[in-house]
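Student: Hi! Could you walk me through this one?
Tutor: Happy to, let's look at it together.

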Amino acid sequence: MSSSQDDIKSNILTTTIESAVNWGRKNSLWPMPFGTACCGIEFMAVLAARTDIARFGAEAIRFSPRQSDLLIVAGRISLKMMPVLIRIYEQMPEPKWVVSMGACASTGGVFDTYSVIQGVDQFIPVDVYVPGCPPRPEGVVESLLKIQELVDTDKLSDYELSNSK
Amino acid sequence: MSLKETIASVKESFSEAVLDVTECSGEQIVHVKGDGVFSILQLFKDEGFDFLADLTAVDNMNLGGFERFAVVYHLLSHKFLMRVTVKAYINEKNPILPSVESLWKTADWQEREVYDLFGISFENHPDLTRIMNPEAFDGHPLRKDYPRKGRTERIDFPQVMRGIKKENKTE
């Protein structure tokens, strides 16, 4: 074997386009934090030094839904806020994932009143729920890892059905 | 004029409107009919009660009282360092009171809040619209006959489906 062939073998890596795309996506999730209550404050702790989600490539917090692919619903959603949340979700480009952080976003929590939505999953699709009131930062990191697993199982063929609906 | 004298003069001038005067924790409470509340509050303002500390309402449905609703005015005089509470009673069939926005500007939003949550209207209010609930909201949630879980407000939203992605995935 010539040395140039050796160079090729040790410098070129073959993979599928699917794995390459998923690898890129899962390691650069850009979260859009929808913090409406104490979970929003707790989410800041996730970004801080101790649990630093930059280790998982998700430190680029975008406050514009058009630049993000992971919606983190952190806090209770009131009657007036639900249309805003739906609008934000719809503004995010595909592909997108949703984390429902904490008891209030997932179920309404202790706020069983006329003005609090009893779980955002009634109206927008949620991928991962994080229990807790508020959840520990480790819980949010775990949810991020779960989202990464989901991203990893994505099939590119799913995207070819764009006009099927 | 001391507070006792002011209240005595209110009782004298508006004997028809004043229902009762009570004392609670050392503070005077004047119970009045809804019709006469504006002139009574104006008199208090002229006597030095320059500050409307709070304007709120009580639903007496299960409590008993002169009428179903009591709108409560907490007045404070910075000059004499005195407080007085005025309670205006109105029935549920015709829950309308005169607005005191012309006396204290702060009544503007507080009356909107009472209107939003109790359904009590204020005449001559500059902009009597809902302040907390959505504009299309139906009902007044702090009334005691309003169900705690609401009617259908909190489930009355469109459901957004997943986009092109995962459309054909079995979940």
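Student: In chain A, what share of the contacts with a separation of 6 or more comes from residues 24 or more positions apart?
Tutor: Those residues account for 80% of such contacts, where a contact means C-beta atoms, placed from the backbone, within 7 Å. Before we go on, this is a predicted model: local features need pLDDT of at least 70, side-chain atom pairs count only at pLDDT 80 or more, and totals for chains, interfaces and linings use all residues. Residues are numbered from 1 along each chain as its sequence is written, while chains are lettered from A and ligands numbered from 1 in the order in which they are written.

Student: How are the strands arranged?
Tutor: They form an open, parallel sheet in chain A, in the order β1-β2-β3-β4. Strands pair if DSSP finds at least two bridges between them.

Student: Why is one side of β1 and β4 of chain A left without a neighbour?
Tutor: β1 and β4 of chain A are at the edges with a single partner strand each, so one side of each has no neighbour in the sheet. On average, neighbouring strands are turned by 20 degrees against each other, direction ignored.

Student: What does α3(A) touch in the sheet?
Tutor: α3(A) packs on the sheet and touches β1, β2 and β3 of chain A, and its direction makes about 140 degrees with that of β1(A). Axes here are lines fitted to C-alpha atoms, for helices over the stretch in contact, and angles run from 0 to 180 degrees between N-to-C directions.

Student: New topic: how many residues are in the largest nonpolar core?
Tutor: That core has 37 residues, and Ile72(A) is one of those with the most contacts inside it. A nonpolar core is a set of buried Ala, Val, Leu, Ile, Met, Phe, Trp, Tyr and Cys residues joined through C-beta atoms within 7 Å. Buried means 20 or more other C-beta atoms within 10 Å of a residue's own, exposed means 12 or fewer, and partly exposed is in between, with C-beta atoms placed from the backbone.

Student: And which element gives the largest share of this core?
Tutor: β2(A) does, with five residues.

Student: What does Ile72(A) touch?
Tutor: Leaving out residues up to four places away in sequence, its contacts include Phe43(A), Val99(A) and Met101(A).

Key. Helices (H or I, at least four residues) and strands (E, at least two) are DSSP runs, numbered from the N terminus. Two residues are in contact if their C-beta atoms, placed from the backbone, lie within 7 Å.
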